Each structure stands twice: as C-alpha cells, then as structure tokens.
Amino acid sequence: MNARAAILGAVRDGLRGASVPPLPPPVEPPAPLAVAERIARFTAVQQKLGGVVEAVADRRAACARVGLLLAQKGAAVVAASDAPLLAGLGDYVPADVALLPPDAPRERLLQADIGVTGAQWGIAETGTLVLASADERHRLASLLPALHVVVLPVRALLGTLGEAFAALQRDGAPAARTITFVSGPSRTADIELTLVVGVHGPKALHVLLVRDDG
Amino acid sequence: MRVSPLTPETFADNARAALADATLTGALRRATDTFAERRAAAIGAVPDWQELRTRAAAIKAHTLARLDAYLEEFTANATKAGATVHWARDAAEACAIVRDLAQARGSKRLVKSKSMATEEIHLNAALAQDGREPVETDLGEWIIQLAGETPSHIIVPAIHKTKEQIGALFVDKLGIPPSSDPQLLAAEARTRLRAHFAAADLGISGVNFGVAETGTILVLENEGNARMTTTLPAVHVAVMGIEKVIPRFGDLETFLRLLPRSGTGQHLTTYQSMLTGPDPMGQGPRELHIVLLDNGRSRIVADELMRQTLACIRCGACLNACPVYQSIGGHAYGSVYPGPIGAILTPQLQGLHSAGTLPFASSLCGACKDVCPVKIDIPSLLLELRRRAVAGEQVPAAPSRGAAPTTSKPARRKPLEALGWRVWSWVTRSPARFRLATAFARLGQKLPFAMRLFGPMRAWQSSREAPKLAARPFRDRWRGDAR
C-alpha cells in the first residue's frame, strides 16, 4: 500500500462514526472605512513598523519622487518591477544609476541597492502591502535590495484584513500564484528579544501613496 | 556543556541541571516576561478576542473531524495548481522524499527556513548524511546550527542564549571581532546568508496553513529568510504536517489575527507568503513540492479526546505562560516540542513508554489553556495522559511502521506504597481514627527530626514543604466558637 492510501485510510478509519462539528460561516467583511480614515490608519501603522509613507499627486509625481530618492540615497543599481505606474520611471533615473528590469540576470538583481515596485492592494488596519504576482513581476525587486520603494494607488488601499481576503479571491481561486503580504521592513528579535530592523529582507520601506493613478 | 542529547526519560535530571544554570534561568525569565507583556498588549487591543478563539477552535475541530476529505481536497487543488504532493508515513519516509528530490536534481546547496515539522523529523541530520545539509537561514536557527544545538522555543529557537554567548559563538565560528550588539550580529547574518541564498538550488520551508479550497500554502515570518528560501532556489520543498490544512482561503484571516498576536505580540508578522503552485513567471521556483507528514498524527486523530492536540498552530504562547517552562526552558523536555504543548504532543508522537514523564511536568495551573489561541484544553489532556501512563495504557502512537504497538510500563506502584495508601484509606474512613491519627501527628511534629520524613516522602520533600498541622484543629475551634 502506498503512503497516501495508508495515511488517508488510517485517518478515515480513525474518524469512522466521529461527530463532525459545524464549520463556522465565513466572516462578514466590516463596513468599509472612509478614504481619509484608511490613509490615516495605514500611515500610522506603517510608521510604527518603521516604514515611511508619503502622498504624491499622480504617476508622474511618483516617478519624479523615486528619481529624487535614488539620487538622495546615492544608489548605483536599482531594480524596478514592470508596474504600469512605473512605466515612465526611466526618465527620472539619474544618469549614473543602472536601472534593472525584472528579467535582469539574478546576479545583477542581487546587487541592487533599491527596489522599486507597485503593490496590488494596501491594508490600512495592518499597514500591509499586498503583492500579487499575476499582474506584476515584483518578487525580487521587493525582496533583495536594502530599500524597497512602493507606489500604491490610494484607490487600492483597503480598510481591513477581511476586505483584503475578499478581494484576493477570484472565482474561488487566489488572485495570484504568489501573494505576499509586506508589513514594514524585515525584522528580528531572535537575540534576547531585542528588536533589530533589517535582516534578510529590506532594511527600510518607503511607500508613495498615489492619489490619482489614471 | 551537554555531552549526550537530552531525552524525556531523564526529564527530572534535565530540569535540575537547568535550574542550576543561572544564566539560563535569567535569560528565560526576561524573555518569557517580555513575551507575556507583548502578548497581553496585543490582545488587549482586540475587542472580539474570545470570539476569534472560539471561531478558530471551531474551524479546527471541524477540519480535524473531516481530515481525510480536506486532505484530498487540498491535494487535488495543489496538484491542479502545478504543485507535486508527496505523502510520508513517518520521519524516515519524509526525509527520504526530500533527499531523493535533491539527489535527482543534483541539488547541492540547500537553504532552509524555520520549520518545526523538519525539526521533528530531524531532516538536517538525514540530509547531512548525504552531504547535503541545509543552511538554516532564520537568525535564531542559524545561531543554534552554528552552535550544534537544538531549538529551545518554538518561535525563538535561541531563547536560551544571551547576546554575549552568541557574540562569543560568532567569534569562534565566523572569526569576526567580538561584539554582543544584536544589530551587528544580525548584520553579520545578513551578509553571510546572502551568499548562501544566492547560490542555493533547493529551498526547504515549513507550512503554517494549507488551504484545502485552493491548494495554497501559507508561510509566515519576520526576517525575509522564508521569502528568500521560497523564491530564489529553482526548487521549493515544503514540509507540512497533515493537521495544518484548513478549509477555506478566507479562514486565513481568522488565524492571521490570532497567530502573530499570540506568538510575538505583533498584529501581523512582517511577511506572509501565500503560494499556490510553482510560479516561474512570477520569478519564483520552477517546482513546488509539498510533503504531507503523518508521523503519528493519524493515530492522534483517531482518539476523540486527544484529537484537539492537532489544532495547535505553534504560536508558543503556552510555553511563555507556563511556570515550568519559564523555569527550565525547552531543552529539559528532551523533545522537539517543549512546554505544555510538547508535554501533550510528544508522548502522543513518540509513545508514553519514552515520553511518559512529560505530562507530569506541570502544576496544572491552567495558564496554557487560558492563552491558547485555539482553546486546546491542555490541563485535561495532561491529566488523561498521566492516567494512561500510570495505568500502563497504550497511547495512540507508534514510533515507526512495522514496530509492535508500544505500551507504557504498567502500574509502577510499589507494594509499600500500596500498603501506605490502604492504611491512609482505613484511617480516614472513620472520624475517630482520623482524630486519633492527627492527634499523634500534632505531637509528632513537635519533635525536631520528625518533619524530615523518611523513604519516598523524603523525595517528595526535596522540593516541597510538608504542610504543618494547626496547634488546635479547626474542628475544635468551630465547636468552641459555636458554644
């Protein structure tokens, strides 16, 4: 007998005649928060987690702000995703900075100082950025560099975790093969429970909230 | 310091040694106090905490009672998404699956993120025999791998080590200048492990939740090492206990509200990776393999009372709340799973014959039950396992396939002890005999040597004060006052 049949058989035999308590019905998502409230909460939680949140007017302003950040931080190599919001980024990248597309060789991406990506949703309650891989290749740019800069349309900022899980399921399936929740820069407390911000993932997180992403 | 691995059988000696280690007990006290404060602050901000616990417990109870159906649903959906699902009856089979996957692909450089299931099956040792020992990438796990030790806490594996000890370890193993600054030590880990991530060809992770409805696995973490492990190598192998399955994608919300708050006092850990099949287009691994691990779990499922043990989501809150764990730490339990959850889980996974001491390592104060996010009634299960251990009953556990069913040693009660209990019973059945006996005892306790009891009572007194009888019994005082 193969392992699958043996395990399932043992479980089935063990549960024969067992009473099955009911599965609680799904949680009703709470009433959505007003947009100002969502922005305020998201910003407050991100700050507590060590992230920075800034508002920008539109996609052009977002790209300009990213360009300025690259200059300020003295970045040499930047990894960018293929987010539509970042389509014009090339015009704002300083001349001495190498801009890597998502399909750049892995060795190059590992050298990037800054990663610039979009996010599919934000969650105000938890200060979370939701990265779904179906519409954007941002897995490496959001993970490898020490600074992760995210452009997030205000329109995509949800109120609660419950709203996010409702939005994340399309026809029963998850919205993407890879969905990553990012709440602040990476951290550890593995040494004497002392908080250290910045371990294997980004050491800093910078969010640009884009008011008008049209 | 330790020469041989600790086992549950030597629990009493392990505990005594731990209590004598002032550095250890100091580190434990600070850590568990901090955890308790953070957890209390985090759940204090959640108005419906009790409803959340009730809901999570109900989801788990339902799922475990239909585990076969949910496992089949999970497997079908994960397979549909392109993952390969493997089944392992025991530790040896699970290790062999991972080893064979690595061998067939010629994978030499393995990285691993924190996973209790892989600790349980001793995967690193099995792969090391094949020359493919994975590099642990969680900071705490990396520290104990460098030290050649085992985790002492489910969430913070190196909780037993001070920053000075870790600094000294880094000097010794990595040749860096001495430092006890957690910031610098963590930066060193980032630099060193980057190289391993960059070169890795196979990544191993655990699974916090597997969603039956979608075939999704969720891995939760703070450091980013699990994202690295599940993104950079071409092959990702996830080891998942069969009890980790939950019915619906939306149920993740409930558990994500409970787990980080209970574990570290965070409202959410920094990262959650929800992976549904391999994702090469999204820059992830080409292959995703999920190893479903039984290793004694199907037998626990069959035991209606003990089944709730499998509801555990490995948050570690019961460890931090337990006065026994707070005093002796994780290693003394001699098992991968320490603390209250370890005291009920280990005897069921390994058998009472080898871990039957652990259910006795508790004062039954109930703190574990109060903090458990999925409401496991740990004190009741401890009592039931004690009963079974004393009665010499079989527990639903078999260490490996083909082995004969094991029973714990039958009633250890000695003839003298049995006689003692018979006398006690005879004395206390009659008010007159009881009065006479307590009168003698009152006289006796005035003698200076009398309280140093003899025989088996002396062992009982080694860590306890015998209660003193009042100079005038309550019975007499009651009569006197009523007069």
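**Two helix pairs in chain B**

Helix α3 (residues 49-65) of chain B and helix α12 (residues 251-263) of chain B pack at an angle of about 125°, their axes lying 10 Å apart. This is a predicted model, in which local features need pLDDT of at least 70, side-chain atom pairs count only at pLDDT 80 or more, and totals for chains, interfaces and linings use all residues. Residues are numbered from 1 along each chain as its sequence is written, and chains are lettered from A and ligands numbered from 1 in the order in which they are written.

**α3(B) and α12(B)**

- The two helices α3(B) and α12(B) are therefore oblique to each other (angles under 35 degrees count as roughly parallel, over 145 as roughly antiparallel, 65 to 115 as roughly perpendicular and the rest as oblique).
- Leu52(B), Arg53(B), Arg55(B), Ala56(B) and Ile59(B) of α3(B) meet Asp251(B), Thr254(B), Phe255(B), Arg257(B) and Leu258(B) of α12(B); contact requires C-beta atoms, placed from the backbone, within 7 Å.
- By class, the contact of α3(B) with α12(B) comprises five nonpolar, one polar and four charged residues (Ala, Val, Leu, Ile, Met, Phe, Trp, Tyr, Cys and Pro count as nonpolar, Asp, Glu, Lys and Arg as charged, and the others, Gly among them, as polar).

**α8(B) and α9(B)**

- Helix α8 (residues 139-147) of chain B packs against helix α9 (residues 163-174) of chain B at an angle of about 60°, with axes 10 Å apart.
- That angle makes α8(B) oblique to α9(B).
- Ile143(B), Leu146(B) and Ala147(B) of α8(B) make the contact with Ile166(B), Leu169(B) and Lys173(B) of α9(B).
- The residues in the contact of α8(B) with α9(B) are five nonpolar, no polar and one charged.

Definitions and conventions: Axes are lines fitted to C-alpha atoms, for helices over the stretch in contact, and angles run from 0 to 180 degrees between N-to-C directions. Helices (H or I, at least four residues) and strands (E, at least two) are DSSP runs, numbered from the N terminus. Two residues are in contact if their C-beta atoms, placed from the backbone, lie within 7 Å.
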